[in-house]
Amino acid sequence: MHVTHDPAAAAAPTIDFDTFLAVDVRVGTIVDAKPFPEARKPAWRLWIDFGPAIGVRKSSAQITENHPLETLVGQQVAAVVNFPPRQIGPVVSEVLTLGFPDANGKVVLVQPSKPVPNGGRLF
């Protein structure tokens, strides 16, 4: 997470293109979503299919305010797939599902504007 979600905050320090390319952002389809009552902040547990090369990966996502559980399966989302797994309470989160804060600071998922093949890499 970034230190601030303030849209008026200055840009992060400049990075080179190779550093950007090292971050592997892929698109996947949510194939399962469940409550995550053990999380400190409200969150859902997601299973996201990134296609045959990466497969299905798990994520904990604090998206409960803008994304009701029953609407998630079938949606495509963007995620960083090459961070190390992170222990979130009793769950291991394998990818970082991406989103932007709305006017109230609640996460809105990053999604393609139309369907694309699972596993496609951001460029």
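Which backbone nitrogen does the side chain of His67 reach? That would be the one of Leu109, at 3.1 Å. This is a predicted model, where local features need pLDDT of at least 70 and side-chain atom pairs count only at pLDDT 80 or more, while totals for chains, interfaces and linings use all residues. Residues are numbered from 1 along each chain as its sequence is written, and side-chain values use heavy atoms, with hydrogens and water left out.

- You'll find His67 in the loop between strand 3 (56-61) and strand 4; strands here are DSSP runs of E with at least two residues, numbered from the N terminus.
- His67 is buried, with a relative accessible area of 8% (buried means under 20% relative accessible area, exposed over 50%, partly exposed in between, with a 1.4 Å probe and protein chains only).
- Not counting residues up to four places away in sequence, His67 touches Trp44, Leu72, Val107, Val108 and Leu109 (contact means heavy atoms within 4.5 Å).

**The largest nonpolar core**

- There are 15 residues in the largest nonpolar core (a set of buried Ala, Val, Leu, Ile, Met, Phe, Trp, Tyr and Cys residues joined through side-chain atoms within 4.5 Å).
- The members that touch the most other members are Ile30, Leu46, Ile48, Phe50, Ile63, Leu72 and Val95.
- Two or more residues of this core come from each of strand 1, strand 2 (44-49) and strand 4.
- Strand 2 gives the most to this core, with three residues.
- Take Leu72: leaving aside neighbours within four places in sequence, Leu72 is in contact with Ile30, Ala33, Trp44, Leu46, Ile63, His67 and Leu109.

**Two buried threonines**

- Thr97 sits in strand 7 (residues 96-97) and counts as buried at 13% relative accessibility.
- The side chains of Thr97 and Ser59 are joined by a polar contact of 2.8 Å (a pair of N or O atoms within 3.5 Å; within protein, one must be able to donate a hydrogen and the other to accept it, and residues adjacent in sequence count only if both atoms are side-chain atoms).
- With residues up to four places away in sequence set aside, Thr97 touches Leu46, Ile48, Ser59, Ala61, Val77, Ala78, Ala79 and Leu109.
- Thr29, in strand 1, is buried too, with a relative accessible area of 17%.
- The side chain of Thr29 has a polar contact of 2.7 Å with the side chain of Asn118.
- Setting aside neighbours within four places in sequence, the contacts of Thr29 are Trp47, Ile48, Asp49, Gly74, Gln75, Gln76 and Asn118.
- Thr29 and Gly120 are 91 residues apart in sequence, and their C-alpha atoms are 11 Å apart in space.

**The second largest pocket**

- The second largest pocket has a volume of about 170 Å³.
- A pocket is found on a 1 Å grid over the protein atoms alone, as an open set of points where a 1.4 Å probe fits, with protein on both sides within 12 Å along at least five of seven lines; lining residues have an atom within 4 Å of a point.
- The 13 lining residues include Arg26, Val27, Ala78, Gly120 and Leu122, which are the closest to the centre of the second largest pocket.
- Strand 1 (25-35) and strand 4 (76-80) each supply at least two residues of this lining, and the largest share, three residues, comes from strand 1.
- By class, the lining has nine nonpolar, two polar and two charged residues (Ala, Val, Leu, Ile, Met, Phe, Trp, Tyr, Cys and Pro count as nonpolar, Asp, Glu, Lys and Arg as charged, and the others, Gly among them, as polar).

- Ile54 is in the loop between strand 2 and strand 3 and is buried, with a relative accessible area of 17%.
- Leaving aside neighbours within four places in sequence, Ile54 is in contact with Arg26 and Val81.
- Ala103, in the loop between strand 8 (99-101) and strand 9, is exposed at 85% relative accessible area.
- Pro115 lies in the segment after strand 9 (107-109) and is exposed, with a relative accessible area of 73%.
- Pro115 and Ala8 are 107 residues apart in sequence and 32 Å apart in space, C-alpha to C-alpha.

Conventions. Points joined across faces, edges and corners; volume = space filled by probe spheres on them. Helix = DSSP H or I, 4+ residues; strand = E, 2+ residues; numbered from the N terminus.
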